[in-house]
Amino acid sequence: MSGRGSASRQDRSPVTDADVCVIGAGPAGALVADHLASAQDVVVLEAGPRFDPGDRVERQERAIRPAFDRPDVWEMGGKRDDHAASGEWFYPLNHARVKGVGGSTLHWQGMVMRLHEEDFASGTERGVGPDWPIDYADLQPYYADAETELGVSGADDNSFAPPREQPHPMPAFPPSYSDSLFAEACDELGIAMHSVPNARNSEPFDGRSECAGYGTCQPVCPSGAKYDGTVHVERAESQGATVIDRARVERLAHNADAIEAAVYTTPDGTEHRQEADAFVLACGGVETPRLLLMSDSEQYPGGLANSSGLVGRYFMDHLFAGVGGVLDEPTRQNHVGFLTSESHQFYDDADEEVGPFKLEFFNYAGSSPVELALTGDDWGDDLLERLQSAYGNHVAVGALVEQLPREDSYVGLDPERTDDRGNPVPDVHWTVGDRALRTIERANGIQRSILQELGAEITWTVGPDDTGPAYHHMGTTRMGTDPASSVVDPACRTHDLANCWIAGSSVFPTGGAMNPTLTIAALALRVADAVDATLE
Amino acid sequence: MELSRRDAVAALAALGLGGGAAATYTRRDGGDDSDPQSGTEDEEIDVSDGRVERVAVAAAEVLYPSQVTGVEQFVTEFLGPRLNQDGHGDGIREAVGIVEDRAQRWHGAEFDALDPDRRDQLLREMGVDTADEAPDGTDAERVRYYLVNDLLLALYASPTGGELVGVENPQGHPGGTDSYQRGPP
Ligand SMILES: Cc1cc2nc3c(=O)[nH]c(=O)nc-3n(C[C@H](O)[C@H](O)[C@H](O)COP(=O)(O)OP(=O)(O)OC[C@H]3O[C@@H](n4cnc5c(N)ncnc54)[C@H](O)[C@@H]3O)c2cc1C
Ligand code: SF4
């Protein structure tokens, strides 16, 4: 495998006369670039490398072998990616993102669902948190487009989901064998199960193959059946966009009302200035606020676009809750690495006390036998015996839970530590809050009742004391109508700077409990429309 | 249970070594490139591809469960492209050199000439059983990474290896999307 990706465009100098400069080549930046590329001169600056698609199977080996940690798979870590976690809750940032063309979707799981209508009005409907300044109807056409862009396999069998206007582009993956075991128990308990919308091909789609069943979706899909941001980066390039990899934007040069240039450095340390009429920041929910905070000036002493003082504030993630156990019959886990059934039944019961959450029925409960085989001090018949007894009868139900935005949960700059370029590292100061913890308890209760109904012996619980993040970075440049209490307006343009838009989950005022990337994609398409309209 | 050619091909595919790599495999037999490897003290250790294969097969006979047959052919087919893989191939040669060195110094014979119990004992004496795999680690950790775990990964990521455990489509094997839907056989 070739170091940090392969060099593509050796010339990393700026593009002259660019209309739009997009910073970050994850799905958000890639979708914006693709949508603007036919009409505008677009340049994308990406801090990480362009990885060679031919290396993916070797990355899969890294995912399986115990010698490698998860961040090693996509070469995260080291001085470039240094970070702090000063909050009461540790945040494992480099497990939670990838830097490179394609962004964190190179590593992601690929579950893509729309937020529920009530998620856009948490304050009004649930009595806590702010309302979004836009509602489901505003986003609905963009959700439909986003599903087509990403290639979503799904079905219309979820009666709790918000209204749809068209079928998903591909049929849903059929339920697993273990789903059928859960279905009996859930039937008894009156819990409805339904399919999961997946950004992975259940049939050949958009020039990419159908899922081949490698089972290592997270952190790498060797077949390309799982969507990632490289799809739209390539499409943008085919329409004339320029993508410069290993171009790290360290500062946004600006005047009082607008960004003038993105100042970036290339691997040899050369500094460049990319000028453009419009700038779209798409660096993810941690690096976007970091870049704004690093771009402070006399005019903006607290950081760029930060007249509200809220850049970096309200950092949110989804929290995981889970219960697992064993049955006295085979459950057929670990054939594929994705989920085929969920339940959103309890989602809209949310109120002030308990947040929204969704249940996930696992297809990969228990350890993968391949990974187990590489650890332990046995081999031969003893190892096989251990594998046979460890594999075969595990079950688990997971859940994602909403956390509310809190001002004391934030992304800041660490005053003491710097990265390899001498810039302050991001400090993810994560605070969770009691409502989320109560929600985890509520989810655990339902999970336990399902496993008990199934006759399982419960062997583990992830509850309020040992919960962790789902790696969804939201809230740090929140959207709103009032410049005093938000960073971007309802069109995702910063209140302070007329030519600066933000694409990504940092604009979410609240997070709901749905994986965020379909909403990120829908908002990115909406940002592309707004930028296009402004430049015309 | 018989390991087939299909299993070796599948194990290779799981490691990114499809047909192309197999086709370009060239043996490095003979004395000219049997360099002494670091970690061994004996300049004479032979790590030509033929020796490496014999040592790996002898190791697999100990590492694989007794009900598995067809080990020699499986290991040889797997090892060919793997030895040709940049960096990794040399790691395997080095690991074999370490094992051979210990076999000759501690037991007075080549590794594959020892009976299986002795081979098992030697690997344990070297601490390979309790070592965590590490490509840049101690001798035991490198033997664990390049030899022992490579062979275990090859077996358990193959369909036959998976079936032994009860999963026809083990992780790393592109076995499609039918088996996850099926009930127990
Ligand atoms: C393990 C894991 C599983 C996940 N599973 C799911 C899931 O099932 N469903 C779901 O919806 N979401 C999932 N996510 C989250 C999902 O990956 C993100 O929501 C999504 O990738 C965000 O897209 P983005 O484009 O906003 O940011 P990113 O994908 O993070 O991309 C941002 C890009 O910007 C670049 N960048 C940052 N700073 C700079 C700079 N200063 N200059 C230039 N470039 C810069 C980065 O290098 C990066 O490539 C998962 C994430 C992880 C880590
Ligand atoms: S199971 Fe499907 S989506 Fe997951 S890694 Fe394999 S081919 Fe990709």
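Which residues form one aromatic cluster? They are A:Phe120, A:Trp132, A:Tyr136, A:Tyr143 and A:Phe508. Keep in mind that this is a predicted model. With that said, start with the rings.

Over all chains, the count comes to 18 aromatic pairs. One of them joins A:Tyr91 and A:Phe315. Their ring centres are 5.5 Å apart, and their planes stand at 90 degrees, an edge-to-face arrangement. Now look at where the two rings come from. A:Tyr91 sits in the loop between α3 (70-73) and α4 (122-126) of chain A, while A:Phe315 sits in the loop between α8 and β10 (319-326) of chain A, so the pair ties together parts that are 224 residues apart in sequence. Are these two residues buried or exposed? A:Tyr91 is buried, at 0% relative accessibility. A:Phe315 is buried too, with a relative accessible area of 0%.

A second pair involves A:Phe338 and B:Tyr180. The ring centres lie 6.0 Å apart and the planes meet at 70 degrees, so this pair is edge-to-face. The cut-off behind that label is an angle over 60 degrees. A:Phe338 belongs to the loop between β10 and β11 (341-343) of chain A, and B:Tyr180 to the segment after α8 (159-165) of chain B, so the pair joins two chains. Both A:Phe338 and B:Tyr180 are buried.

Stay with chain B for a moment. How many helices and strands does chain B have? The chain has eight helices and zero strands. Along the sequence, its pattern reads α-α-α-α-α-α-α-α. Chain B holds 185 residues, and 55% of them count as buried. Next, take the contacts in chain B with a separation of 6 or more: 59% of them link residues 24 or more positions apart. The accessible surface of chain B is about 7300 Å². Carbon and sulfur atoms account for 44% of that surface.

The segment after α8 of chain B also holds B:Asn169. This residue is buried, with a relative accessible area of 1%. What does its side chain reach? A polar atom of the B:Asn169 side chain lies 3.1 Å from the backbone oxygen of A:His335. The side chain of B:Asn169 also reaches the backbone nitrogen of B:Gly175, at 3.0 Å. Leave aside residues up to four places away in sequence. B:Asn169 then touches A:Gly213, A:Asn334 and A:His335 from chain A, and B:Pro174, B:Gly175, B:Gly176 and B:Ser179 from chain B.

Now turn to ligand 1. There are 37 residues around ligand 1. Those that come nearest are A:Glu46, A:Ser104, A:Met111, A:Val249 and A:Thr517. By class, the shell has 17 nonpolar, 15 polar and five charged residues. Several elements of chain A each supply at least two residues of this shell: α1 (27-37), β6 (248-254), α8 (284-294) and α12 (517-535).

Backbone atoms also come up to the ligand. A polar backbone atom of A:Ala47 is 3.0 Å from a nitrogen atom of ligand 1. A polar backbone atom of A:Gln109 is likewise 3.0 Å from a nitrogen atom of the ligand. For A:Val249, a backbone N or O atom lies 2.9 Å from a ligand nitrogen. How much of ligand 1 does the protein bury? Taken alone, ligand 1 exposes 1000 Å², and the protein buries 95% of that.

A:Ala262 is in strand β7 (residues 259-265) of chain A. At 0% relative accessibility, A:Ala262 is buried. A:Ile23 is 239 residues from A:Ala262 along the chain, yet their C-alpha atoms are separated by 8.4 Å.

Finish with the backbone. Most residues other than glycine have a negative phi. A:Asp206 is not a glycine, but its phi is positive, about 55 degrees. A:Asp206 lies in the loop between α6 (177-189) and α7 (230-238) of chain A, and is partly exposed at 38% relative accessibility. A:Arg332 also has a positive phi, near 60 degrees. A:Arg332 lies in the loop between β10 and β11 of chain A, and is buried at 6% relative accessibility.

Note on methods:
Residues are numbered from 1 along each chain as its sequence is written. Chains are lettered from A and ligands numbered from 1 in the order in which they are written. This is a predicted model: local features need pLDDT of at least 70, side-chain atom pairs count only at pLDDT 80 or more; totals for chains, interfaces and linings use all residues. Side-chain values use heavy atoms; hydrogens and water are left out. A residue is near a molecule or strand if one of its heavy atoms lies within 4 Å of it. A polar contact is a pair of N or O atoms within 3.5 Å; within protein, one must be able to donate a hydrogen and the other to accept it, and residues adjacent in sequence count only if both atoms are side-chain atoms. Accessible areas come from the Shrake-Rupley method with a 1.4 Å probe; for residues, only the protein chains shown count as cover. Helices (H or I, at least four residues) and strands (E, at least two) are DSSP runs, numbered from the N terminus. Ala, Val, Leu, Ile, Met, Phe, Trp, Tyr, Cys and Pro count as nonpolar, Asp, Glu, Lys and Arg as charged, and the others, Gly among them, as polar. Buried means under 20% relative accessible area, exposed over 50%, partly exposed in between (1.4 Å probe, protein chains only). Contact means heavy atoms within 4.5 Å. Rings of Phe, Tyr and Trp (its six-membered ring) pair if their centres lie within 6.5 Å; planes under 30 degrees apart count as stacked, over 60 as edge-to-face and the rest as tilted.
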